[in-house]
Amino acid sequence: MQPGQPSFTALRAAAHRAQHQTLDGGSIFADPVAGRILGQTPESVFGEAGDSPSRRGMRLLIAARSRIAEDVLAAAYARGVRQYVLLGAGLDTFACRNPRPDLTVFEVDHPATQAWKRERLHAAGLAPKVTFAPTDFERETLAEGLARAGFDADAPAVFAWLGVVPYLTRDAVLATFAFIAAIPGAEVVFDHGEPRSAYPPDQQVAAEARLAAMRRLGEPWITFFTPAEIAAELTALGFSEVEDFGPAVLGPRFLGTPPREGPGPHVVRAKV
Ligand SMILES: C[S@@+](CC[C@H](N)C(=O)[O-])C[C@H]1O[C@@H](n2cnc3c(N)ncnc32)[C@H](O)[C@@H]1O
């Protein structure tokens, strides 16, 4: 992120969700507030109209990860979980759509992004019931940020950490997982990419082009895990269930494409 500036990739992720409603009919993830919170057209965010295969792929992945997180939340709520924590929330609109009045929603985000989100909510006439916990993951711990906000670390919670892990240092990522792992009954949904070295030679150029594009946006991807690495890290921290939605699962289940072997994006659900 640029010092003092809200996250530009948060704006782009929100534009993808808004466009998923208009171009795909919200087929994977229905979010009637996605366009309203954006406050501009998705086309103006992307700087061009139209669609492309790579834009569509990213859009459907962003829709799928939100869908997985909210499905996990619904199942956890049915078991009695009453805390939902959005880490690096960006312009996520769950709090505006929350149908469960006894579910406490926390939004943790970089202070600059969160201040901008609050302006966006106000400008759009949206007043969700949500507890904001401004926290820079690189400067303080999630424990500190959430404690200030009244989070109950002795009660179970679902954490959604969507589109954030690649932007953080490995130390900050693992410290956050360690905090979640210490909460009885906690569950987390997050996504991650694989290191460039995991890609076969014929996909290296495309993998490097994706990294270069993020560097140009000023929010480089710096942390990657192979599926085996992240499963080992989570298990060592005390997570007992680790479910990987990798390219073999995401394609057929959400994207309308055949299962794909090999490296790619992953959405992971892990439960203590
Ligand atoms: C790609 S956006 C994803 C936003 C949202 N989760 C979504 O799916 O639309 C990345 C998010 O990570 C947050 N972020 C990046 N670095 C951070 C840090 N050091 N501390 C806290 N949040 C950070 C940004 O503020 C932004 O909200």
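# Briefing: sheet, core and ligand shell

Strand 5 (residues 187-192) and strand 7 (residues 266-271) run antiparallel and are joined by 6 bridges, where strands are DSSP runs of E with at least two residues and helices are DSSP runs of H or I with at least four, both numbered from the N terminus. Strands count as paired if DSSP finds at least two bridges between them. This is a predicted model, in which local features need pLDDT of at least 70 and side-chain atom pairs count only at pLDDT 80 or more, while totals for chains, interfaces and linings use all residues. Residues are numbered from 1 along each chain as its sequence is written.

- The open sheet is formed by 7 strands in the order 3-2-1-4-5-7-6, with mixed pairing.
- Strand 3 (131-134) and strand 6 (241-245) each have a single partner strand and stand at the edges, so one side of each is left without a neighbour in the sheet.
- From one strand to the next the twist averages 15°, with axes taken as lines fitted to C-alpha atoms, for helices over the stretch in contact, and angles running from 0 to 180 degrees between N-to-C directions.

**Strand pairings**

- Strand 1 (residues 83-87) pairs with strand 4 (residues 158-161) in the parallel sense over 3 bridges, and tyrosine 84 has valine 158 of strand 4 as its bridge partner.
- Strand 4 also pairs in the parallel sense with strand 5, over 4 bridges, and there the bridge partner of valine 158 is glutamate 187.
- Aspartate 191 has valine 267 in strand 7 as its bridge partner.
- Strand 6 and strand 7 run antiparallel and are joined by 5 bridges, with alanine 270 of strand 7 as the bridge partner of valine 242.

**Nonpolar core**

- The largest nonpolar core has 67 residues, and those with the most contacts inside it are Ala14, Ala64, Val108, Phe159, Ala160 and Trp161; such a core is a set of buried Ala, Val, Leu, Ile, Met, Phe, Trp, Tyr and Cys residues joined through C-beta atoms within 7 Å.
- Helix 4 (residues 53-78) gives the most to this core, with 10 residues.
- Valine 108 lies in strand 2 (residues 104-109) and is buried, with 26 other C-beta atoms within 10 Å.
- Leaving aside neighbours within four places in sequence, phenylalanine 159 is in contact with Val85, Leu87, Ile180, Ala186 and Val188, contact meaning that the C-beta atoms, placed from the backbone, lie within 7 Å.

**Ligand shell**

- The ligand is surrounded by 23 residues, of which the closest are Ala13, Gly88, Gly90, Thr113 and Gly163; a residue is near a molecule or strand if its C-beta atom, placed from the backbone, lies within 6 Å of it.
- Helix 1 (residues 8-24) supplies the largest share of this shell, 4 residues.

**An exposed loop residue**

- Proline 258 is placed in the loop between helix 11 (247-255) and strand 7 and is exposed, with 9 other C-beta atoms within 10 Å.

Notes:
A residue is buried if 20 or more other C-beta atoms lie within 10 Å of its own, exposed if 12 or fewer, and partly exposed in between; C-beta atoms are placed from the backbone. Two residues are in contact if their C-beta atoms, placed from the backbone, lie within 7 Å.
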